[in-house]
Amino acid sequence: MFIGEYFHTIDTKGRVIIPSKFRDELGEKFIMTKGLDHCLFVYALKEWREIEEKLKSLPFTNKEARAFVRFFFSGATECELDKQGRITIAPNLRSHAKVEKEVIIIGVSTRVEIWSKEEWETYNDMADLSYDDIAEKMVELGI
């Protein structure tokens with residue numbers, strides 16, 4: 001399980017260090033793709049395959065399903081750690097997540113998310129205003 005919040009910077013070549021606590025669970029190769037809320041999603045191959053199977057079962061006749069599958073898979077790239085525990089974030093993914101220098105890498109149970117520091121702060125500022133609403137929705141979902 002991925003948990004925690006880590007602060008890092010991207011170097012001039014677009015590389016960022018993946019926290020050591022995440023490396024073992026991600027494995028030697030893993031998948032990064034466009035995430036929701038202007039972040040990047042990072043999945044271990046096993047988890048990626050499970051999501052892929054679920055998405056393949058969506059009806060291709062559904063316009064929203066096609067749009068999401070395109071969004072999710074078109075940005076996907078296989079990543080591999082270098083000897084220093086870094087990955088290179090592709091330019092299109094850096095652009096999607098508005099990642100330039102400072103990043104926040106968080107664990108979200110079955111995935112890792114990479115956020116620009118500014119987007120993460122904006123997201124948290126907005127979330128602070130709605131935590132009571134979110135908590136009420138969680139009760140509706142049985143959590």
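**Terms and values**

Trainee: Which residues is F2 in contact with, leaving aside its neighbours within four places in sequence?

Mentor: F2 is in contact with F22, E25, L26, G107, V108, S109, T110, R111 and V112, where contact means heavy atoms within 4.5 Å. The model is predicted, so local features need pLDDT of at least 70 and side-chain atom pairs count only at pLDDT 80 or more, whereas totals for chains, interfaces and linings use all residues. Residues are numbered from 1 along each chain as its sequence is written, and side-chain values use heavy atoms, with hydrogens and water left out.

Trainee: Where is F2 found, and why is F2 called buried?

Mentor: F2 is in the segment before β1 (5–9); helices (H or I, at least four residues) and strands (E, at least two) are DSSP runs, numbered from the N terminus. Buried means under 20% relative accessible area, exposed over 50%, and partly exposed in between, with a 1.4 Å probe and protein chains only. The relative accessible area of F2 is 1%, and F2 is therefore buried.

Trainee: What makes H96 buried, and where is its place?

Mentor: H96 has a relative accessible area of 18%, so H96 counts as buried. Its place is in helix α4 (residues 91–97). Leaving aside neighbours within four places in sequence, the contacts of H96 are K34, G35, H38, C39, L40 and F71.

Trainee: How do you know that H96 makes a polar contact with G35?

Mentor: A polar contact is a pair of N or O atoms within 3.5 Å; within protein, one must be able to donate a hydrogen and the other to accept it, and residues adjacent in sequence count only if both atoms are side-chain atoms. A polar atom of the H96 side chain lies 2.9 Å from the backbone oxygen of G35.

Trainee: What else is K34 in contact with, beyond its neighbours within four places in sequence?

Mentor: K34, in strand β3, is in contact with residues including F71, F72, L93 and H96. The C-alpha atoms of K34 and F71 are separated by 7.3 Å, although the two residues are 37 residues apart along the chain.

Trainee: What makes R86 buried, and which side chains have polar contacts with R86?

Mentor: R86, in strand β6 (residues 86–88), has 19% relative accessibility and so counts as buried. Its side chain is joined to that of D82 by a polar contact of 2.8 Å, and to that of Q84 by one of 2.9 Å. Beyond four places in sequence, R86 is in contact with D11, R15, V16, I17, E80 and L81.

Trainee: Why are H38 and K98 called partly exposed?

Mentor: H38 has 37% relative accessibility and therefore counts as partly exposed. K98, at 42%, likewise counts as partly exposed. H38 is in the loop between β3 (29–34) and β4 (40–44), and K98 is in the loop between α4 and β7.

Trainee: How is the lining of the largest pocket divided by class?

Mentor: The lining has eight nonpolar, one polar and three charged residues. Ala, Val, Leu, Ile, Met, Phe, Trp, Tyr, Cys and Pro count as nonpolar, Asp, Glu, Lys and Arg as charged, and the others, Gly among them, as polar. The lining residues include D37, G107, R111, E113 and W115.

Notes:
1 Å grid on protein atoms, 1.4 Å probe; cavity = no way out; pocket = protein on both sides within 12 Å on 5 of 7 lines; lining within 4 Å.
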